[in-house]
Amino acid sequence: MWRLLLIVILLTAFPTGLRAQDWQACRGERGAAAPVLRDCRAVEGVLDPQGRALWLRSVVRRPDGAGPAALYVVGTASSEVWINGQRLGANGRPGASAATETPGRYEAAFPVPEHLWRPGDNPVVIHMSSFHGAVRLDGPIAGIVAAPYPWPSRAVPLAVVFTLAGALFAAAFGFAVIHGLRRTGSSLALATLAGVAGLQAILESLRALAPYAYPVHGWRLVGIWLLTAAFAVLLVAYVVERFWPQARRGLMALAVVAVVATVFAPGFDLKSQLALMVGLSLAVTAAGVGVYRRRGGARLTLAYLGLFMATGLAFPAWLVDLSYFLFAAGLLLPLLMAEVVRLGRDDQQREIALTRAAARPNCLTVASSRGVQRIPLKDIVSIVGADDYVELRLTDGRKLLHAARLDRLEAELPAGFLRVHRSVIANLTHVCGFERDASRGRLLMDEGEPLPISRNRLSTVRDALDDRHLKT
């Protein structure tokens with residue numbers, strides 16, 4: 001957010017902001033009082049001191065207003081500044097090599113004494129070098145500008161970002177508690193999602209919190225991209241698992257490959273924007289499939305993610321700054337509240353259902369969107385896991401979602417039910433055959449499609465079938 005704020009100020013609030021074309025690069029050396037420059041040529045493109053030393057010169061006008069003013073240099077470089085032939089000071093120590101350079105801060109302010117200002121143009125000379133950058137940047141110098149001193153306070157935007165970061169960390173803690181209680185993949189994904197967004201909020205605010213040396217800036221940008229990429233992949237994982245679990249492997253593989261590919265985009269801002277847009281695009285696709293299949297909550301999720309994506313397309317510069325944290329908090333906090341409410345409701349319904357089920361031990365009490373039902377065990381052909389839900393496949397062709405985990409059902413169901421795959425429990429009374437498929441196998445059921453058998457469960461399944469005198 002501070003990067004965007006600075007650029008806006010440079011381009012709009014202070015007309016004295018300088019472009020790369022306003023600067024000349026020269027051969028230079030220190031003189032008795034001021035640097036001696038020669039062979040000066042206009043700089044084309046960006047100011048880039050990475051891996052070399054530069055002598056730069058230009059002119060600047062005093063900012064309007066009666067208050068003090070300073071020359072601000074923001075970028076990954078050490079610098080030393082003169083104005084009207086007088087040395088203002090140094091940020092670190094520029095040199096001709098890494099051994100002779102002392103890294104300076106990423107943001108440096110050089111207050112200009114009032115008596116040094118002249119009416120009209122004021123010649124500025126900057127000696128600059130950058131030999132300690134962690135990564136090579138496409139725009140190493142964010143800005144050089146004459147502006148009122150001190151710099152405007154960042155307290156308000158910093159308070160907003162820290163409030164959002166606190167909300168995100170609270171959401172991460174809440175989902176972690178829910179995961180501890182229910183051991184569901186969705187709650188773990190949401191806890192990680194909230195924690196990643198909270199960490200990025202802190203990393204984005206680092207410039208306002210500490211005047212760090214410029215080599216840290218490259219690692220900070222790498223960290224921001226990594227956190228954005230992680231958020232994008234986790235967002236896809238959560239939405240796909242909830243609304244389109246059948247495409248989980250394909251979409252997750254696509255998400256990882258596409259997000260990693262954004263590392264080749266020019267500039268860290270674009271890398272982060274593209275990573276987030278990839279995640280949003282795939283999440284919107286999965287939510288759209290959920291709407292088509294009439295999954296609960298899919299419409300609201302699709303609308304929210306669509307709004308997030310539209311905002312990012314309309315205002316890409318804000319996508320990985322303030323709007324990112326606003327949308328992340330707006331997505332995760334309602335989900336946390338919904339999960340808490342659902343936990344309480346499920347616990348209450350479970351107590352009632354268990355009381356009623358005691359009189360009918362040959363039934364499975366099912367908590368679904370239709371309420372609580374009791375399904376005879378003989379009518380269940382198979383049970384297929386879907387994160388914190390399972391899908392019951394019944395003899396009449398119906399499929400019923402049940403708010404339970406496969407591990408718990410495996411422990412509670414009678415011996416006629418057998419775990420044949422990481423995500424499948426089969427009712428052996430409905431097995432009509434067995435066939436080999438390479439090193440694995442498949443159970444043929446008297447109703448519905450065949451069920452896969454995990455390689456490590458193959459011998460257990462065959463022993464169970466032999467006990468029931470089924471022929472392989």
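Reply: Let's start with the count: searching the whole structure turns up one disulfide, a disulfide being a pair of cysteine sulfur atoms within 2.5 Å. Before we zoom in, keep in mind that this is a predicted model, where local features need pLDDT of at least 70 and side-chain atom pairs count only at pLDDT 80 or more, while totals for chains, interfaces and linings use all residues. Residues are numbered from 1 along each chain as its sequence is written, and side-chain values use heavy atoms, with hydrogens and water left out.

The partners are cysteine 26 and cysteine 40, whose sulfur atoms sit 2.0 Å apart. The torsion about their S-S bond is about 115°, so this disulfide is right-handed. Cysteine 26 belongs to strand E1 (residues 24-29) and cysteine 40 to strand E2, so the pair ties together parts that are 14 residues apart in sequence. Those labels come from DSSP runs, numbered from the N terminus: helices are H or I runs of at least four residues, and strands are E runs of at least two.

How covered are the two cysteines? Cysteine 26 counts as buried, at 12% relative accessibility, whereas cysteine 40 is partly exposed at 23%. The cut-offs: buried means under 20% relative accessible area, exposed over 50%, and partly exposed in between, with a 1.4 Å probe and protein chains only.

Six strands form an open sheet in the order E2-E1-E3-E8-E5-E6, with antiparallel pairing. Strands E2 (36-42) and E6 (86-91) stand at the edges with a single partner strand each, so one side of each has no neighbour in the sheet. On average, neighbouring strands here are turned by 25° against each other, direction ignored; the axes are lines fitted to C-alpha atoms (for helices, over the stretch in contact), with angles running from 0 to 180 degrees between N-to-C directions. As background, strands of a sheet pair through backbone hydrogen bonds, either parallel or antiparallel.

Further along that order, strand E3 (residues 53-60) and strand E8 (residues 122-129) pair in the antiparallel sense over eight bridges; two strands count as paired if DSSP finds at least two bridges between them. Within this pairing, leucine 56 stands opposite isoleucine 126 in E8.

Arginine 61 and aspartate 121 meet through their side chains in a salt bridge, at 3.5 Å from N to O. Arginine 61 is in the loop between E3 and strand E4 (69-75), and aspartate 121 is in the loop between strand E7 (107-112) and E8, so the link spans distant parts of the chain, 60 residues apart. Both ends are partly exposed: arginine 61 at 47% and aspartate 121 at 43%. The rule for a salt bridge is a side-chain nitrogen of Lys or Arg within 4 Å of a carboxyl oxygen of Asp or Glu, and by this rule the count comes to 16.

Another of these salt bridges joins glutamate 80 and arginine 87, with 2.6 Å from N to O. Here glutamate 80 is buried at 4%, but arginine 87 is partly exposed at 49%. Glutamate 241 and arginine 248 make one too, with their closest N and O atoms 3.0 Å apart. Glutamate 241 is buried at 17%, and arginine 248 is partly exposed at 31%. There's also a network: Arg405, Asp407, Glu410 and Arg419 are joined by salt bridges that share partners.

One last stop is another set of strands. Strand E12 (residues 380-386) is mostly covered, with five of its seven residues buried. E12 runs antiparallel to strand E13 (residues 389-394), joined by six bridges, and glycine 385 has valine 390 as its bridge partner in E13. Three bridges also join E12 to strand E16 (residues 424-427), again antiparallel; in E16, isoleucine 425 is the bridge partner of isoleucine 383.
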